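Hi everyone, thanks for making time. I'd like to walk you through one structure today, so let's bring it up on the screen.

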Amino acid sequence: MKKLSRRGVRILAAVGLAVPATLAFAGPAHAETNPRCVGSVQIGATAYVTVGGQTAASVKQYKGCGKNYAYTYVWQQYRETHGSYQVCTSIVTGSTLRDLQCSSGKEVWSLGADTLSVCTRALGGISDVAQKETEVRC
């Protein structure tokens, strides 16, 4: 687990760069089909990461298979106008990042956090440019 400070939220992706690459999901992209729990369902509203007034990514929180999952998808219009980037996602409880995952692809799923008994939110970010959290779900 990593503690999340206010500054940490603003630089989520920079923190994510320190996560070993072996933890990042690098499988084929299947937008909104959780590769770890096919029966998971979205909880709460989608949050949107914006960069320069343009929607750059969607952040969602899911529950299923006894866990919470974070999902971040980088929109095509952002991918087409930006070279390399890193997309990160995490479940957050209080000020703690749980299950932080990063990828250089168009989407990333967290592995699943055992947090169904506490209030959570999903956090997603693109490099050190921008990030967004979903609403808290209890």
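Before I point at anything, a word on naming: helices here are DSSP runs of H or I with at least four residues, and they are numbered from the N terminus. With that in mind, Q77 lies in helix α3. Please remember as we go that this is a predicted model.

Let's stay with Q77 for a moment. Is Q77 buried, exposed or something in between? Its relative accessibility is 34%, so Q77 counts as partly exposed. Leaving aside residues up to four places away in sequence, Q77 touches Q54 and T55. The C-alpha atoms of Q77 and A56 are 7.3 Å apart, although 21 residues separate the two along the chain.

Now to the aromatic rings. A pair of aromatic rings is described by the distance of the centres and the angle of the planes. How many aromatic pairs does the structure hold? There are five. Take Y48 and W75: their ring centres are 6.1 Å apart and their planes meet at 85°, so this pair is edge-to-face. Y48 sits in strand β2, residues 41–51, while W75 is in the loop between β4 (67–74) and α3 (76–81), so the pair ties together parts that are 27 residues apart in sequence. Y48 counts as partly exposed, at 41% relative accessibility, and W75 also counts as partly exposed, at 29%.

Y78 and Y85 form another edge-to-face pair, with 6.0 Å from centre to centre and 75° between the planes. Y78 is buried, with a relative accessible area of 3%, and Y85 is buried too, at 12%. Elsewhere, ring pairs link Y62, Y71 and W109 into a cluster.

In soluble globular proteins, nonpolar side chains tend to be buried together. Which residues have the most contacts inside the largest core here? They are V49, V74, Y78, Y85 and I126, in a core of 17 residues. Strands β2, β3 (54–64), β4, β5 (87–93) and β8 (121–126) each supply at least two residues of this core. There is also a second, separate core of six residues, and L97, L100, C102 and L123 are among them.

Let me finish on Y85. Not counting residues up to four places away in sequence, Y85 has contacts that include V74, Y78 and I126, and it also touches R79, S103, S104, G105, K106 and S127.

Conventions
Residues are numbered from 1 along each chain as its sequence is written. This is a predicted model: local features need pLDDT of at least 70, side-chain atom pairs count only at pLDDT 80 or more; totals for chains, interfaces and linings use all residues. Side-chain values use heavy atoms; hydrogens and water are left out. Rings of Phe, Tyr and Trp (its six-membered ring) pair if their centres lie within 6.5 Å; planes under 30 degrees apart count as stacked, over 60 as edge-to-face and the rest as tilted. Buried means under 20% relative accessible area, exposed over 50%, partly exposed in between (1.4 Å probe, protein chains only). A nonpolar core is a set of buried Ala, Val, Leu, Ile, Met, Phe, Trp, Tyr and Cys residues joined through side-chain atoms within 4.5 Å. Contact means heavy atoms within 4.5 Å.
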